[in-house]
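Please read them with the sequence and the coordinates open.

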Amino acid sequence: MHLDGLCFITDRKICDLSCKEMVLQALKAGIRWVQYREKDLSRRSIYEESVELRRITRKFDALFIVNDHVDIASAVGADGVHLGQEDLPFKNARKILGKDKIIGISTHDLEQAKEAEAQGADYIGFGPVFHTLTKDAGSPKGIEILTQIRKQVRIPIVAIGGINHENIRSVLGTRVDAVAVASAMLKGNIEQNARNFIHILNSIREKCR
C-alpha cells in the first residue's frame with residue numbers, strides 16, 4: 001500500500017468554507033490524500049457530504065478516507081476508514097469493508113501502535129505530536145517517541161497533531177511515512193499552504209535520494 005506523504009484532514013470549525021470547497025482547493029494545489037473528519041453533523045449529512053467528497057477526490061485520483069464511520073465509508077465507495085480507539089473494533093471493520101480497503105487506527109502510545117499492527121491495520125496515526133486545538137487527544141507526545149515507534153512498528157506511521165510549516169521537518173526526520181494536517185492547512189490561503197507543504201516534502205525527498 002502506498003500512502004502519499006501528506007494527508008489533509010477536513011475541519012469546518014477552523015475554516016468557514018464548506019468541506020467541498022476546502023477539499024477542492026487542497027486538491028487543486030496537489031494534495032492527493034483527504035480524510036473527511038466530521039464530529040457534529042448528523043449521520044445522514046455525513047453520508048451526503050461523503051458522497052460529494054468521494055466524487056471530487058475520484059476526479060483528482062486522490063485517496064479518500066472517512067473518519068470513524070465504517071458503514072458510510074463502505075456505502076460511498078471510499079478508499080478506506082480511519083478508526084479511533086473508541087470506534088468499531090478492527091476485525092469488525094475489516095469484515096464490513098473487505099480485504100482491499102484501507103483501515104488506519106489512531107494510536108497514542110507504543111502499546112497501542114504495536115497492537116494496531118498486530119491486528120492488521122494498514123497504517124497507524126500517531127499523536128498528538130505537538131499541542132493541537134482541533135481535537136482533544138491528550139497531551140503532546142513529542143518527537144522522541146516517534147523515533148521509538150518507528151524502530152518497533154513496520155507498518156506505515158502517520159504523525160498528527162499540531163504539525164505546521166515550521167516543525168514538519170523535525171517530524172519527517174523521525175522517518176515516519178506521512179504527516180496529517182488540518183489547522184496549518186486551513187488557516188489562511190489553503191492552496192498556498194498546501195503548496196508550501198508539498199514543496200517541503202519534495203525537498204526532503206530529493207535530499208534522501
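1. Asp-61 sits in the loop between helix 2 and strand 3 (63–67); helices (H or I, at least four residues) and strands (E, at least two) are DSSP runs, numbered from the N terminus. Its phi is near 55 degrees, a positive value in a residue other than glycine. With a relative accessibility of 68%, Asp-61 counts as exposed. Here buried means under 20% relative accessible area, exposed over 50%, and partly exposed in between, with a 1.4 Å probe and protein chains only.

2. A word on the basis of these notes: this is a predicted model, in which local features need pLDDT of at least 70 and side-chain atom pairs count only at pLDDT 80 or more, while totals for chains, interfaces and linings use all residues. Residues are numbered from 1 along each chain as its sequence is written, and side-chain values use heavy atoms, with hydrogens and water left out.

3. Arg-175 also deserves a look at its backbone. Although Arg-175 is not a glycine, it has a positive phi of about 75 degrees. The residue is found in the loop between helix 7 and strand 8 (178–181), and it is exposed, with a relative accessible area of 64%.

4. Which peptide bond is cis, with omega near 0 degrees? The bond from Gly-127 to Pro-128 is. Pro-128 belongs to the loop between strand 6 and helix 6 (144–152).

5. Next, the charged pairs. A salt bridge is taken as a side-chain nitrogen of Lys or Arg within 4 Å of a carboxyl oxygen of Asp or Glu. By this rule the model has 13 salt bridges. One of them pairs Lys-13 with Asp-40, where the closest N and O atoms are 3.4 Å apart. Lys-13 lies in the loop between strand 1 (6–9) and helix 1 (19–29) and Asp-40 in the loop between strand 2 (33–36) and helix 2 (43–59), so this pair ties together parts that are 27 residues apart in sequence. Both Lys-13 and Asp-40 are exposed.

6. Arg-54 and Asp-79 form another salt bridge, at 3.1 Å from N to O. Because Arg-54 lies in helix 2 and Asp-79 in the loop between helix 3 (70–76) and strand 4 (80–83), the pair ties together parts that are 25 residues apart in sequence. The two ends can be told apart by accessibility: Arg-54 counts as buried at 5%, whereas Asp-79 is partly exposed, with a relative accessible area of 22%.

7. A salt bridge also joins Asp-122 and Arg-94, with 2.9 Å between the closest N and O atoms. Asp-122 lies in the loop between helix 5 (110–119) and strand 6 (123–126) and Arg-94 in helix 4 (residues 90–97), so parts that are 28 residues apart in sequence are tied together by the pair. Arg-94 is buried, at 17% relative accessible area.

8. Glu-38 is in the loop between strand 2 and helix 2, and at 6% relative accessibility it counts as buried. Beyond its neighbours within four places in sequence, Glu-38 is in contact (heavy atoms within 4.5 Å) with Arg-12, Ile-46 and His-69.

9. Glu-38 and Arg-12 are 26 residues apart along the chain, and their C-alpha atoms are separated by 7.9 Å. Their side chains make a polar contact at 2.4 Å. A polar contact is a pair of N or O atoms within 3.5 Å; within protein, one must be able to donate a hydrogen and the other to accept it, and residues adjacent in sequence count only if both atoms are side-chain atoms. A polar atom of the Glu-38 side chain also lies 2.9 Å from the backbone nitrogen of Asp-40.

10. Is His-165 buried or exposed? His-165 is buried, with a relative accessible area of 19%. Its place is in the loop between strand 7 (157–160) and helix 7 (168–172). The His-165 side chain reaches the backbone oxygen of Asn-193 at 3.2 Å. Not counting residues up to four places away in sequence, His-165 touches Ala-184, Asn-193, Asn-196, Phe-197 and Ile-200.

11. Lastly, Thr-57 is in helix 2 and is buried, with a relative accessible area of 0%. Leaving aside neighbours within four places in sequence, Thr-57 is in contact with Val-23, Leu-27, Val-34, Ala-62 and Phe-64.
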